Amino acid sequence: MTVIDKIAPEGSKAGERTSPRPTFRHKLSRWDVKVSPYLYIAPFFIVFGIVGLFPLLYTAYVSLFKWEAGDDNPVFIGFDNFKELFADSQFWNALTNTISIFLLSSIPQLIIAMLLAALLGSRLRGATGWRVGILLPYAASLVSIGIIFANLFGPKYGLINDVLQLIGLDPVDWQASRFGSHVAIAIMVNWRWTGYNALIVLAAMQAIPKELHEAALIDGAGMWRRFTAVTLPLLKPTLIFVTITSTIGGLQIFTEPKLFDAMPGSNNGGSSNQFQTVTLYLYQSAFENYNLGYASAIAWVLFVIIVIIALVNFLLTGRLARTPAVKKK
Amino acid sequence: MTTIHSGLRKSVATLGKPRKATYWVLAIFVLGSLFPFYWSFLVASRDNGMLTEPVPPILPGGNFFANASRVFDTVPFWKALANSVIVSGTVTLTTVLFSSLAGFAFAKLRFRGKNGLFVFIVVTLAVPTQLGIIPLFIAMSKLGWAGGLQSVIVPNLVTAFGVFWMRQYTVDALPYELIEAARVDGCSMIRIFWNVCLPAVRPAAAILAMFTFMMSWNDFLWPLVVLDAGNPTVQVALEKLQSGYYVDYSLVLAGTTLATIPILIVFLLLGRQIVAGIMQGAVKG
């Protein structure tokens, strides 16, 4: 580093040295300042263009064709894929399953996450240890979880059914029954994500000033009242954030139902598609039936559904626009 | 009156003090978190006969290494492990580097269109890239990349989340004075990034690295689509292990144990930072 120029002449802006004539180094430096920012942000835009924007548009294009995998001469068929899709009972079944599994997972998950956050927020001994313990499932891969839970929920020798019988209940055929399979898959999802969401809620809870709680306590508010009148309203933005992220994730659920099948490797989502989700159906259409056009139509409908839900959330809150990230400096 | 007052003062003082039941409930949740891992190790360390016993054993048996070695015979597990390390390692390096660079630009540099471009990045966070697998698959096939590791690496070189995360941290962590001082010293922009910015944002970069590594290691759908059974990542190999006509659970769960142990160790070593990272991200995002 050159030490000579350490003191910039008075009145000059940093970095713009007021030399009598622009030297080559000076020009180079100005060019550096101008161009560098674009170079630094370029990788994201290039990668997003290739794997985000282009696929989205190209999926729309492919969805207008009868396009078999490996086929070099796809046939343009307009909106026929979409017409077929809207008349396809398997698609509606998959959509119902997806929403059912999503509701069964996200509602209990949010409630338990808040309870856990409240517990973790008290002045615990070994607080970090408890937090790490709760978060442990987050480290597991979905594939491992899928395989392990498929085993635990096995109809014949599964541990869950063993326990049910031990306490005098009837065993459930988790994979064959529609509701049972949804519950089992929802438990898988919850097992992985509840601790994670609890930490996010906990962070928001800790940002609530302690004085508010003390004031409420002095006003004679009990624990429940303090929770509903102080904690809950201040948590609202965080709860909305958690809901949006789990909605987007939940609508794309794939790995859990794929690995839960009694016929491993199958993409049917059970013998009568009882737990086939939209993404699993998409995968089946594209990579088992090689019908890329039809699968693209599924992808686009799913994308539109996700956008609509995100938009509704956005309009309900108007919060995204006001996050500090977007705020002008 | 005084008794009420002292009672109130006492309850204010004990606000947030845990009861015994709190520890019990948390202990149950931690056990619940651990149990599936333990169960998978239990089955992996015995043989399939254990699953048919009316009361399953509580302690591991001695067959884990035998089952584990069968995993290596059934699928190319060494190769899968090596592939996962290469993919996750590369993706982590490039994501952290490119995200820090873009984060630096968005946080501290002046250029036209900055705000618009940043809003665009935030919006793309909501675009589910999962839905783009068909054209991406077509593109990879046309490029001749399908089956190769580059098909898994290239789409993940940098993420919107990473840019967003690094930008948020850089805003506070890097004072303008430092940049100006370096400029006065005649540093080029890239040198300022490397010698001034990067050291200042190291904690955030470390957290991003951990998240990226875990996410990449556990990624499944896209590798399943684009890689074949001969050249899998760990997750794809696991799925192949399970998808026979007859499921040999001791074998399959030995596989899941093998795949989980490394990431579990990493998690336990860095757990404190990961927890801090999630909570920090929650407040900032």
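**Chain A, then the details**

Modeller: Along the sequence, chain A runs α-β-β-α-α-α-α-α-α-α-α-α-α-α. Helices (H or I, at least four residues) and strands (E, at least two) are DSSP runs, numbered from the N terminus. This is a predicted model, where local features need pLDDT of at least 70, side-chain atom pairs count only at pLDDT 80 or more, and totals for chains, interfaces and linings use all residues. Residues are numbered from 1 along each chain as written, chains are lettered from A and ligands numbered from 1 in the order written, and side-chain values use heavy atoms, without hydrogens and water.

Colleague: How many helices and strands does chain A have?
Modeller: 12 helices and two strands.

Colleague: What percentage of chain A is buried?
Modeller: Buried residues make up 49% of its 329 residues. Buried means under 20% relative accessible area, exposed over 50%, partly exposed in between (1.4 Å probe, protein chains only).

Colleague: Now A:Ala297. Where is it?
Modeller: A:Ala297 is in helix H12 (residues 292-317) of chain A. A:Ala297 is buried, at 0% relative accessible area.

Colleague: Which residues does A:Ala297 touch?
Modeller: A:Ser63, A:Asn81, A:Phe82 and A:Leu85, leaving out residues up to four places away in sequence. Contact means heavy atoms within 4.5 Å. A:Phe79 is 218 residues from A:Ala297 along the chain, yet their C-alpha atoms are separated by 8.9 Å.

Colleague: Switching to chain B. Which residues of helix H4 are buried?
Modeller: In H4 (residues 64-74) of chain B, they are B:Phe64, B:Asn67, B:Ala68 and B:Val71.

Colleague: Why do they line one face?
Modeller: Because, seen down the axis of H4(B), the buried residues fall within an arc of 100°. The arc is that of the directions from the helix axis to the C-beta atoms. B:Phe65 and B:Asp73 are exposed, on the face turned away from the buried side.

Colleague: And B:Phe77, what does that touch?
Modeller: Its contacts include B:Val71, B:Phe72 and B:Val234, again leaving out residues up to four places away in sequence.

Colleague: Last one. Which helix gives the most to the lining of the second largest cavity?
Modeller: H5(B), with three residues. Helix H5 (77-108) and helix H12 (202-218) of chain B each supply at least two. Among the lining residues are B:Ser84, B:Trp217 and B:Asp219. A cavity is a set of points, on a 1 Å grid over the protein atoms alone, where a 1.4 Å probe fits but cannot get out; lining residues have an atom within 4 Å of a point.

Note on methods: On a 1 Å grid over the protein atoms alone, a cavity is a set of points where a 1.4 Å probe fits but cannot get out, and a pocket is an open set with protein on both sides within 12 Å along at least five of seven lines; lining residues have an atom within 4 Å of a point.
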